[in-house]
Amino acid sequence: MGLIITKEPLKTSILNKKSFQVPIFKENDDDLKYNNKNSIIINELLNEAERKIKSCEYTETEKILQLAINFGSPYSAAKLGYNNLQGLNSTLKPNYALSAAYYLIALKFIKTIPNKEWDVNLILEVIEGLTELYRFHFNHQRDLLIWNHGIKMMKFIENTLKDPNVLMDKEIQKIKALKIHITFCLALTAEFESKFTSNYKEAVNLYYKCEQVGRCGIKVADKLIKKAHTKFRLLESRVPRVQPICATCNFEAKNLKAIWNLLVCSKCQTVACCSRECLKNHLNLHKKSN
Ligand SMILES: [Zn+2]
Ligand SMILES: [Zn+2]
């Protein structure tokens, strides 16, 4: 199954056979905009969708959610992303291409909402879904376009979350969870890229960073930390070993944190130094030997 397609309509062959039209995710689609004014209509549609799903009318549910997307509802896009990721009983089979498209539409809507109004629950739901797609259903090479596009969106969210004015304290665990998910996806990307360059350093760094965020009490994210740790241990062995002793002053880095603070000499890549000063001295040796 090939995933999307950013500039042309989704090919019907990869879609479930549905009578209604599927909104298409386009990279430069300025029509996609969250619209506050439609919130009453959207709420009614969401309620209606809720009723339909309770009475197991899945096709109807999908149609209503589609309609809500047309009114600019990121919730509906996220819900359709989820439905297409997990499937609905036996009625709707998982469709990962569609799932990705809907999740990206949701993110696109979110991008147009002022930061202060961001719903962290919604963003987390979308990023959780995308992480699952990245881990189990995307193929980095085959689905490169959509892969990179998702990463771009995730980086945008990560950057926005750094702004302390954006979100409230009570969301802190969820923001942590978001950081874990996003860093994990970035690490996955670096890992795939490292297969061509044989340079695992970035992937190792990112998996480590993922661990460093720390547990957040949200199951899925905490599980990811464990996974990141395993990946870190696995890939770490492929990064060339440098003695954790400063080549200039013999300072020995004894814990992981101190080791990561060492500066590896870019010239010989076989030794590390404890500080810029020591590195400078070491580099002078290279100059003299030239
Ligand atoms: Zn030193
Ligand atoms: Zn050197």
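## Helices α8 and α9

Helix α8 (residues 201-213) and helix α9 (residues 219-236) have axes that come within 8 Å and cross at roughly 150 degrees. Axes here are lines fitted to C-alpha atoms, for helices over the stretch in contact, and angles run from 0 to 180 degrees between N-to-C directions. α8 is therefore roughly antiparallel to α9 (angles over 145 degrees count as roughly antiparallel, under 35 as roughly parallel, 65 to 115 as roughly perpendicular and the rest as oblique). Helices are DSSP runs of H or I, at least four residues, numbered from the N terminus.

α8 passes α9 in a left-handed crossing (the near helix is turned anticlockwise from the far one by less than a right angle). On the α8 side, the contact is made by Ala203, Val204, Tyr207, Tyr208, Cys210 and Glu211; α9 brings Ile225, Ala228, His229, Lys231, Phe232, Leu235 and Glu236. Residues are in contact if their C-beta atoms, placed from the backbone, lie within 7 Å.

## Helices α4 and α6

Helix α4 (residues 96-112) packs with helix α6 (residues 144-161) at an angle of about 30 degrees, their axes 11 Å apart, so the two are roughly parallel to each other. This crossing of α4 past α6 is left-handed.

From α4, Ala100, Leu104, Leu107 and Lys111 meet Ile146, His149, Gly150, Met153 and Phe156 in α6.

## About the model

This is a predicted model, in which local features need pLDDT of at least 70, side-chain atom pairs count only at pLDDT 80 or more, and totals for chains, interfaces and linings use all residues. Residues are numbered from 1 along each chain as its sequence is written, while chains are lettered from A and ligands numbered from 1 in the order in which they are written.

Definitions and conventions. Contact = placed C-beta atoms within 7 Å.
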